[in-house]
Amino acid sequence: MSLARTVPAANFIRKGQLRLLTVPPLTYLNRWRMLLAQRALRDGDVRVGSLAVELGYASESAFSTAFKREVGESPLRYRFRVRDERSARAEPLSM
């Protein structure tokens, strides 16, 4: 199943509960996609181009632009930063 198909907003719309959304549906969808992207970049080894397609973007460039706009840094820079931070926390302090 594609990550783009897991967006809960579709359930809100189908059930007629759109009033529960506090942001426009497309804004919600884009934020949800970015959260999925952040998790995949942080925890997996998926290529950025493959992730873009999986999330429903027409190109890696379109995905990277959207990611940078929402997160504030490119997908690769995000991946390296969060993994570096994680490994720095995991290293024991030497005395």
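Q: Is Pro75 buried or exposed, and what is its relative accessible area?

A: Let's start with the general idea: buried means under 20% relative accessible area, exposed means over 50%, and partly exposed is in between, using a 1.4 Å probe and protein chains only. Pro75 is buried, with a relative accessible area of 3%.

Q: What kind of model is this, and how are residues numbered?

A: This is a predicted model, in which local features need pLDDT of at least 70 and side-chain atom pairs count only at pLDDT 80 or more, while totals for chains, interfaces and linings use all residues. Residues are numbered from 1 along each chain as its sequence is written, and side-chain values use heavy atoms, with hydrogens and water left out.

Q: How many helices and strands does the protein chain have?

A: Helices (H or I, at least four residues) and strands (E, at least two) are DSSP runs, numbered from the N terminus. Here the protein chain has five helices and zero strands, so the pattern read along the sequence is α-α-α-α-α. Of the 95 residues in the protein chain, buried ones make up 24%.

Q: Where is Pro75 found, and what is it in contact with?

A: Contact means heavy atoms within 4.5 Å. Pro75 is found in helix H5. Leaving aside neighbours within four places in sequence, Pro75 is in contact with Leu41, Val48, Phe63, Ser64 and Phe67. Another way to look at folding is to compare sequence with space: Pro75 and Gln38 are 37 residues apart in sequence, and their C-alpha atoms are 8.0 Å apart. Across the protein chain, 51% of the contacts between residues at least 6 apart in sequence join residues at least 24 apart.

Q: What span does helix H5 reach from its first C-alpha to its last?

A: The expected span of a helix is 1.5 Å times one less than its number of residues. Helix H5 (residues 75–90) has 16 residues and reaches 23 Å, close to the 22 Å expected.

Q: Which residues of H5 are buried, and why do they line one face of the helix?

A: In general, an α-helix has 3.6 residues a turn, so residues three or four places apart point the same way. In H5, the buried residues are Pro75, Tyr78, Arg79 and Val82. Seen down the axis of H5, they fall within an arc of 100°, so they line one face; the arc is that of the directions from the helix axis to the C-beta atoms. The face turned away from this buried side carries the exposed residues Arg77, Phe80 and Asp84. What covers the buried residues of H5 includes H2, helix H3 (48–54) and helix H4 (60–71).

Q: How many salt bridges are there, and which residues does one of them join?

A: A salt bridge is a side-chain nitrogen of Lys or Arg within 4 Å of a carboxyl oxygen of Asp or Glu. By this rule the count comes to five. One of them joins Arg83 and Asp45, whose closest N and O atoms are 3.3 Å apart. This pair links distant parts of the chain, with Arg83 in helix H5 and Asp45 in the loop between H2 and H3, 38 residues apart. Arg83 is partly exposed at 27% relative accessibility, whereas Asp45 is exposed at 69%.

Q: Which side chain meets Glu73 in a salt bridge?

A: The partner of Glu73 is Arg81, at 2.7 Å from N to O. Glu73 is buried, with a relative accessible area of 12%, while Arg81 is partly exposed at 33%. Elsewhere, salt bridges that share partners join Arg42, Asp43 and Arg86 into one network.

Q: What does the side chain of Arg33 make a polar contact with?

A: A polar contact is a pair of N or O atoms within 3.5 Å; within protein, one must be able to donate a hydrogen and the other to accept it, and residues adjacent in sequence count only if both atoms are side-chain atoms. Arg33 is found in helix H2 (residues 25–43), and its side chain makes such a contact with the side chain of Asn30 at 3.3 Å. The backbone oxygen of Gly56 also lies 3.3 Å from a polar atom of the Arg33 side chain.
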